[in-house]
Amino acid sequence: MTKIIGLTGGIGSGKTTIANHFLAAGIPVYIADDAARKIMQSAEIITEIKEIFGNEFFENNILNREKLAAIVFNNPEKLKQLNAIIHPAVKKHFSSWILDHKNSPFIIYEAAILFESGSYENCDLIITVTAPLETRIQRVIQRDKTSREQVLKRINAQWNDEQRILKSDYVIENINPEIAKSEVDKILKILKIQ
């Protein structure tokens with residue numbers, strides 16, 4: 001039976017960097033945010049989003065994700081409504097993906113909101129990636145070309161590190177790339193002998 005290893009952390013913590021270390025080691029990695037982006041382009045999901053949020057978030061039937069994000073990260077109820085559309089679709093997509101990797105002893109399921117979405121309940125073990133708040137803010141400002149205020153709104157819409165750590169089996173502090181990679185290697189050794 002393939003073990004599901006949840007990989008999570010707040011925005012800007014460097015989850016994708018850590019996920020890429022696992023990928024480079026030959027471990028299948030499912031990136032929930034990437035899957036959600038693709039799923040949000042499907043006709044079925046577009047219809048559901050239009051029903052709840054209206055047509056003003058679409059240009060030529062293409063979702064303007066930034067415009068939608070500006071609304072949902074300022075309104076917890078709207079975020080809940082969007083998640084109610086996206087999370088079941090991602091769960092279904094993941095169920096299909098894991099069948100393609102059923103011969104792997106374990107896979108990595110990377111999700112920013114692993115706990116908030118309830119997906120952690122399907123994981124055998126959980127790894128949380130952390131980084132200092134200011135480092136996270138600067139990473140996201142650089143990556144997304146956004147404002148500090150917008151980054152803080154997104155951070156505040158997620159669990160904090162203390163909440164995640166309490167429910168995690170492993171914690172990787174992602175400040176120094178070499179140290180973070182060595183932490184991944186240590187975890188891989190443990191997982192391979194379990």
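In this predicted model, helix α2 (residues 32–39) packs against α5 at an angle of about 110°, and their axes are 10 Å apart. The two helices, α2 and α5, are therefore roughly perpendicular to each other. On the α2 side you will find Ala 32, Ala 35, Ala 36 and Ile 39, which meet Ile 86, Ala 89, Val 90 and His 93 of α5. Sorted by class, the residues of this α2–α5 contact are 7 nonpolar, 1 polar and no charged.

Helix α5 has another partner to look at. Helix α3 (residues 43–53) packs with α5 at an angle of about 165°, with 11 Å between their axes, and that makes α3 roughly antiparallel to α5. Their crossing, α3 with α5, is right-handed. From α3 come Ile 45, Glu 48, Ile 49, Ile 52 and Phe 53; these meet Lys 78, Gln 81, Leu 82, Ile 85, Ile 86 and Ala 89 of α5. In this contact of α3 with α5 there are 8 nonpolar, 1 polar and 2 charged residues.

The structure holds 8 aromatic pairs. One of them joins Phe 94 and Trp 97, whose rings are stacked, at 5.9 Å centre to centre and with 20° between the planes. Why are Phe 94 and Trp 97 separated by about one helical turn? Because they are 3 residues apart in helix α5 (residues 76–99).

Helix α1 (residues 15–24) and helix α9 (residues 177–193) pack at an angle of about 50°, their axes lying 10 Å apart. They are therefore oblique to each other, α1 to α9, and α1 passes α9 in a right-handed crossing. Ile 18, His 21 and Phe 22 of α1 make this contact with Pro 177, Ala 180, Lys 181, Val 184, Ile 187 and Leu 188 of α9. By class, the α1–α9 contact has 7 nonpolar, 1 polar and 1 charged residues.

Here are the helix pairs side by side:

| Helix pair | Packing angle | Axes apart |
|---|---|---|
| α2 and α5 | about 110° | 10 Å |
| α3 and α5 | about 165° | 11 Å |
| α1 and α9 | about 50° | 10 Å |

Helix α1 also leads us to the sheet. It lies across β1 (3–9), β2, β5, β6 (125–130) and β7, and runs at about 150° to β1. In what order do the 5 strands of the open sheet come? The order is β2-β5-β1-β6-β7, and the pairing is parallel. At the edges sit β2 (29–31) and β7 (170–173), each of which pairs on one side only. On average, neighbouring strands of the sheet are turned by 20° against each other, direction ignored.

To zoom in on one pairing, follow β2 to strand β5 (residues 106–110): these two pair in the parallel sense over 3 bridges. Which residue of β5 is the bridge partner of Val 29? Ile 108 is that partner.

Conventions:
Residues are numbered from 1 along each chain as its sequence is written. This is a predicted model: local features need pLDDT of at least 70, side-chain atom pairs count only at pLDDT 80 or more; totals for chains, interfaces and linings use all residues. Side-chain values use heavy atoms; hydrogens and water are left out. Axes are lines fitted to C-alpha atoms, for helices over the stretch in contact, and angles run from 0 to 180 degrees between N-to-C directions. Helices (H or I, at least four residues) and strands (E, at least two) are DSSP runs, numbered from the N terminus. Angles under 35 degrees count as roughly parallel, over 145 as roughly antiparallel, 65 to 115 as roughly perpendicular and the rest as oblique. A crossing is left-handed if the near helix is turned anticlockwise from the far one by less than a right angle, and right-handed if clockwise. Contact means heavy atoms within 4.5 Å. Ala, Val, Leu, Ile, Met, Phe, Trp, Tyr, Cys and Pro count as nonpolar, Asp, Glu, Lys and Arg as charged, and the others, Gly among them, as polar. Two strands pair if DSSP finds at least two bridges between them. Rings of Phe, Tyr and Trp (its six-membered ring) pair if their centres lie within 6.5 Å; planes under 30 degrees apart count as stacked, over 60 as edge-to-face and the rest as tilted.
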